[in-house]
Amino acid sequence: MPNITVVEAADAVEARKMVPAVAEHDGPVYLRLSRSDVPVLLDESYEVKIGKGVVIRDGSDVALIASGVMVSRCLEAAEKLAEEGIDSYVVNMSTIKPLDTGLVVKLAEETGALVTAEDHSIIGGLGGAVAEALGEGKPANLERIGVRDTFTETALSYDELLDHYGMGVEDIVKAARRAVQRKRR
């Protein structure tokens with residue numbers, strides 16, 4: 001939809017702080033929230049800035065750019081990648097539209113390898129928006145983690161559902177490895 005802002009909270013702290021930011025924002029906003037339990041990642045000093053991504057872990061080899069519940073999974077993946085010697089940025093891209101293209105281009109220039117992770121379709125979501133930003137700004141190796149072009153099912157466990165659709169921590173790790181390997185060729 002034209003002129004709509006799309007945001008998604010990574011945890012309860014961000015959700016609580018995002019509601020007033022959305023209320024004060026000029027124009028329509030779609031606020032996406034998860035019903036599942038999510039680890040608390042941010043502290044009370046965190047400030048919501050609609051339109052800006054936040055680096056929550058510095059890196060040099062690959063950037064893991066995530067929204068919503070996938071931020072915590074990217075942090076877990078970054079720990080596993082560090083054990084292999086792969087240094088990973090982790091970015092909470094809580095504003096999907098308008099995307100912080102400046103940050104995306106900066107990360108592409110610094111790492112040459114990016115992975116997006118979202119509990120949403122990779123078409124028309126964060127992965128698509130990052131791909132567009134890279135196409136217009138700075139081409140880089142990109143892997144997208146999210147729902148492929150398919151209908152989804154329901155399940156009793158949200159975590160099992162994410163894993164079923166290829167959005168597990170190990171899926172993020174494998175995607176990061178692929179992106180890093182492609183840039184080394």
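Me: Which residue in β5 is the bridge partner of V55?

Reply: Strands of a sheet pair through backbone hydrogen bonds, either parallel or antiparallel. In this predicted model, V55 has V91 as its bridge partner in β5. Strand β3 pairs with β5 (residues 88-92) in the antiparallel sense, over three bridges. Two strands count as paired if DSSP finds at least two bridges between them. Strands here are DSSP runs of E with at least two residues, helices are runs of H or I with at least four, and both are numbered from the N terminus.

Me: Before we go on, how should I read the numbers and values?

Reply: Residues are numbered from 1 along each chain as its sequence is written, and side-chain values use heavy atoms, with hydrogens and water left out. Since this is a prediction, local features need pLDDT of at least 70 and side-chain atom pairs count only at pLDDT 80 or more, while totals for chains, interfaces and linings use all residues.

Me: What is the strand order in the open sheet of five strands?

Reply: Follow the order β3-β5-β4-β7-β8, where the pairing is mixed. β3 (54-57) and β8 (141-147) are the edge strands, each pairing on one side only. On average, neighbouring strands of this sheet are turned by 25° against each other, direction ignored. Helix α4 (residues 126-136) packs on this sheet and touches β4 (62-66), β7 (113-121) and β8, its direction making about 145° with that of β7. Helix α6 also packs on the sheet, touching β4, β7 and β8, and its direction makes about 160° with that of β8. Contact means heavy atoms within 4.5 Å. The axes are lines fitted to C-alpha atoms, for helices over the stretch in contact, and angles run from 0 to 180 degrees between N-to-C directions.

Me: Which residues of α4 are buried?

Reply: An α-helix has 3.6 residues a turn, so residues three or four places apart point the same way. In α4 the buried residues are L126, G127, G128, A129, V130, A133 and L134. Their cover includes β4, β6, α3, β7 and β8. Buried means under 20% relative accessible area, exposed over 50%, and partly exposed in between, using a 1.4 Å probe and protein chains only.

Me: How do α2 and α6 cross?

Reply: The axes of α2 (residues 70-83) and α6 (residues 169-184) come within 8 Å and cross at roughly 60°. The two helices are therefore oblique to each other. For the labels, angles under 35 degrees are roughly parallel, over 145 roughly antiparallel, 65 to 115 roughly perpendicular, and the rest oblique. The crossing of α2 past α6 is right-handed, that is, the near helix is turned clockwise from the far one by less than a right angle. On the α2 side, M70, R73, C74, E76, A77, K80 and L81 meet V169, E170, I172, V173, A176 and R177 of α6. By class, this contact holds eight nonpolar, no polar and five charged residues. Ala, Val, Leu, Ile, Met, Phe, Trp, Tyr, Cys and Pro count as nonpolar, Asp, Glu, Lys and Arg as charged, and the others, Gly among them, as polar.

Me: What is the order of the open sheet of three strands?

Reply: β2-β1-β6, with mixed pairing. β2 (29-32) and β6 (95-97) are its edge strands, each pairing on one side only. From one strand to the next, the twist averages 20°. Helix α1 (residues 12-24) packs on this sheet, touching β1 and β2, with a direction at about 160° to that of β1. β1 (residues 5-8) pairs with β6 in the antiparallel sense over two bridges, and V6 stands opposite K97 in β6. By contrast, β1 and β2 run parallel, joined by four bridges, with E8 opposite R32 in β2.

Me: Which way do the residues of β1 point?

Reply: In a regular strand the side chains alternate between the two faces of the sheet. In β1, T5 and V7 point one way, V6 and E8 the other, and all are buried.

Me: What does D119 touch?

Reply: Leaving out residues up to four places away in sequence, D119 touches E8, R32, V69, M70, Y158, L162 and M167. D119 belongs to strand β7 and is buried, with a relative accessible area of 11%.

Me: Which residues does the cis peptide bond join?

Reply: Most residues other than glycine have a negative phi, and most peptide bonds are trans. Here a cis bond joins K97 and P98, with omega about 0°. P98 sits in the loop between β6 and α3 (101-111). For phi, look at N3: its value is positive, about 60°, although N3 is not a glycine. N3 lies in the segment before β1 and counts as exposed at 71% relative accessibility.
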